[in-house]
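Please look at the structure below and keep it in view while reading. The paragraphs that follow go from the whole chain to single residues.

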Amino acid sequence: MEWLIWLGALISVLGLLGLLFCIARVWGARRKGLDDEALRAVVRKVVPLNMGALLFSVLGLMMVIMGIFLG
């Protein structure tokens, strides 16, 4: 089950990269000094990406745990 551990780690890292991308996107929008409505629009677009990245990260960690238990 070593392959499950490595695959889960890869998926988890991809999710972490997605989370970092979302943070950078909102941080960049805040640094631009956008007005409240424009900032809300950016955050509204980032929220689904953020949730998907979090899901990827959690699924990857679950795969790692399953690989450890089964291995």
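The text below describes the chain as a whole, then some residues in its helices, and then a charged pair.

This is a predicted model, in which local features need pLDDT of at least 70, side-chain atom pairs count only at pLDDT 80 or more, and totals for chains, interfaces and linings use all residues. Residues are numbered from 1 along each chain as its sequence is written, and side-chain values use heavy atoms, with hydrogens and water left out.

Start with the overall form. The protein chain has two helices and zero strands; helices (H or I, at least four residues) and strands (E, at least two) are DSSP runs, numbered from the N terminus. The radius of gyration of the chain is 16 Å, well over the 11 Å that the globule rule gives for 71 residues, so the chain is more spread out than a compact globule. Here the radius of gyration is taken over C-alpha atoms, and the globule rule is 2.2 Å times the number of residues to the power 0.38. The dimensions of the C-alpha trace along its principal axes are about 55 × 15 × 10 Å.

Next, consider contacts and surface. Among contacts in the chain with a separation of 6 or more, 80% are between residues 24 or more positions apart, where contact means heavy atoms within 4.5 Å. Of the 71 residues, 23% are buried. Buried means under 20% relative accessible area, exposed over 50%, and partly exposed in between (1.4 Å probe, protein chains only). The chain exposes about 5,400 Å², and carbon and sulfur atoms supply 74% of that area. Accessible areas come from the Shrake-Rupley method with a 1.4 Å probe; for residues, only the protein chains shown count as cover.

Ser 12 is in helix α1, which covers residues 2-31. Is Ser 12 buried or exposed? Ser 12 is buried, with a relative accessible area of 13%. Leaving aside neighbours within four places in sequence, Ser 12 is in contact with Phe 56, Ser 57, Gly 60 and Leu 61. One of these, Ser 57, lies in helix α2 and is buried too, at 12% relative accessible area. With residues up to four places away in sequence not counted, Ser 57 touches Ser 12 and Gly 15.

Gly 67 is also placed in helix α2. This residue has 0% relative accessibility and therefore counts as buried. Apart from residues up to four places away in sequence, Gly 67 touches Met 1, Leu 4 and Ile 5. Gly 67 and Trp 3 are 64 residues apart along the chain, yet their C-alpha atoms are separated by 7.8 Å. Met 66, found in helix α2, counts as partly exposed at 43% relative accessibility. The C-alpha atoms of Met 66 and Leu 16, 50 residues apart along the chain, are separated by 19 Å.

Finally, turn to charge. Side chains of opposite charge can pair when their charged atoms come close. A search of the whole structure finds one salt bridge, meaning a side-chain nitrogen of Lys or Arg within 4 Å of a carboxyl oxygen of Asp or Glu. Which residue forms a salt bridge with Asp 36? The partner is Arg 40, and the closest N and O atoms are 3.2 Å apart. Both residues lie in helix α2 (residues 36-70), four residues apart, about one turn of the helix. Asp 36 is partly exposed, with a relative accessible area of 48%, and Arg 40 is partly exposed with a value of 48%.
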